[in-house]
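These are my notebook entries on a single structure. I set down what I looked up, entry by entry.

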Amino acid sequence: MSSTLRATGLTPTALDQLRTRARREVGPFVDPRVQAAFRVHSAEWATEILGCPYVGPRALTWPDLYLLHLAVQAEPSPPPPPCATAARAARELEERAALRAGAEDAARQEAEWRELVDALRRAGVRVEVRHNYTSARHLEFYTQGADHVVLLDPLRVGRLRRDAGTALCHTPSNAPNLAYLEATRDGRLPSCRTCLARLRSAALRLP
């Protein structure tokens, strides 16, 4: 294995010498001072020192614990653990990619919304986004209720007929669920899928 992929900078020869020293010095009894001060740099580092998988301090024998104690003194600043470092880099790469994808998706939604609003405005129909506060479940970290497209002017296109002041998803049966719609002030986009579907359809059919 290349030294650049090892969790320890100690050479195989140095490790053999350290293990020989540990066997010579360890003795039959646990030293409570060594036990109290026990630490490892990382699980990968401890695995290389031991020559077998490190699964935690509780599984260590006293000779293994003493060997790791000597190794910490011999190597106070080992190289970064390669597997953990690679995994962290991969996670960071995925997170950056997710942030970019989210920003691109938000930009596409914003552009589509502006295009649809402009199409209706050219036909003399203004719209705005209003949040549905009909539900009482609006807490500090939880909000229930969609953001709807509400007409500021009457809309008549094909079979779609809506008066000013109503949401595009409005029907007589769902009217009680849209009782309290308030205009948003933070530039949010509509989230009601029915409103958006009808807005797209209307924009395509308007002159």
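**Entry 1: conventions.** I take helices (H or I, at least four residues) and strands (E, at least two) as DSSP runs, numbered from the N terminus. Residues are numbered from 1 along each chain as its sequence is written, and side-chain values use heavy atoms, with hydrogens and water left out. The model is predicted: local features need pLDDT of at least 70 and side-chain atom pairs count only at pLDDT 80 or more, while totals for chains, interfaces and linings use all residues.

**Entry 2: confidence.** I looked up pLDDT, the predictor's confidence in each residue, from 0 to 100. The protein chain averages 90, and 93% of the residues score at least 70. Over residues 138–142 pLDDT stays under 50, and the model has 6 contacts (heavy atoms within 4.5 Å) beyond four places in sequence for them. Where pLDDT is low, the predicted coordinates should not be read in detail.

**Entry 3: L155.** I located L155 in strand 3. Is L155 buried or exposed? I use buried for under 20% relative accessible area, exposed for over 50%, and partly exposed for values in between (1.4 Å probe, protein chains only). L155 counts as buried, at 1% relative accessibility. Leaving aside neighbours within four places in sequence, I found L155 in contact with V125, L160, R161, R162, L168, A202 and L206. R121 is 34 residues from L155 in sequence, and their C-alpha atoms are 11 Å apart.

**Entry 4: nonpolar cores.** I define a nonpolar core as a set of buried Ala, Val, Leu, Ile, Met, Phe, Trp, Tyr and Cys residues joined through side-chain atoms within 4.5 Å. The largest has 26 residues, and W113, L155 and L168 have the most contacts inside it. Two or more residues come from each of helix 5, strand 1 (127–132), strand 2, strand 3 and helix 6. Helix 5 gives the most to this core, with 5 residues. I then listed what L168 touches, not counting residues up to four places away in sequence: V149, L151, L155, L160, R162, C195, R198 and L199. Apart from this core lies another, of 22 residues, among them F38, A46, W62 and L68. In soluble globular proteins, nonpolar side chains tend to be buried together.

**Entry 5: helix 6.** Helix 6 has 13 residues and reaches 19 Å from first C-alpha to last, close to the 18 Å expected at 1.5 Å a residue (the expected span is 1.5 Å times one less than the number of residues). Which residues of helix 6 are buried? They are C195, L196, L199, A202 and A203. Their arc around the axis, taken from the directions from the helix axis to the C-beta atoms, is only 130°, which puts them on the same side of helix 6. R193, L204 and R205 are exposed on the other side. The cover over the buried residues of helix 6 includes helix 5, strand 2, strand 3 (155–157) and strand 4 (160–162).

**Entry 6: helix 1.** I repeated the check on helix 1 (residues 12–25), whose 14 residues should span 20 Å and whose end C-alpha atoms are 20 Å apart, which agrees. L15, L18 and A22 are its buried residues. Seen down the axis, they fall within an arc of 60°, so they line one face of helix 1. On the other side, T13, Q17, R23 and R24 are exposed. The buried residues of helix 1 pack against helix 3 (43–50) and helix 4 (62–74). G27, with a positive phi near 75°, follows helix 1.

**Entry 7: salt bridges.** I count a salt bridge where a side-chain nitrogen of Lys or Arg is within 4 Å of a carboxyl oxygen of Asp or Glu. How many salt bridges does the structure hold? It holds 12.

- E110 and R114 meet in a salt bridge at 2.7 Å, N to O. Both lie in helix 5 (residues 82–122), 4 residues apart, about one turn of the helix. E110 is partly exposed at 30%, as is R114 at 40%.
- E112 and R200 meet at 2.5 Å, N to O. E112 lies in helix 5 and R200 in helix 6 (residues 193–205), so the pair ties together parts 88 residues apart in sequence.
- R188 and D147 meet at 3.1 Å, N to O. R188 lies in the loop between strand 5 (181–183) and helix 6, and D147 in strand 2 (residues 147–151), so this pair ties together parts 41 residues apart in sequence. R188 is partly exposed at 30%, whereas D147 is buried at 9%.
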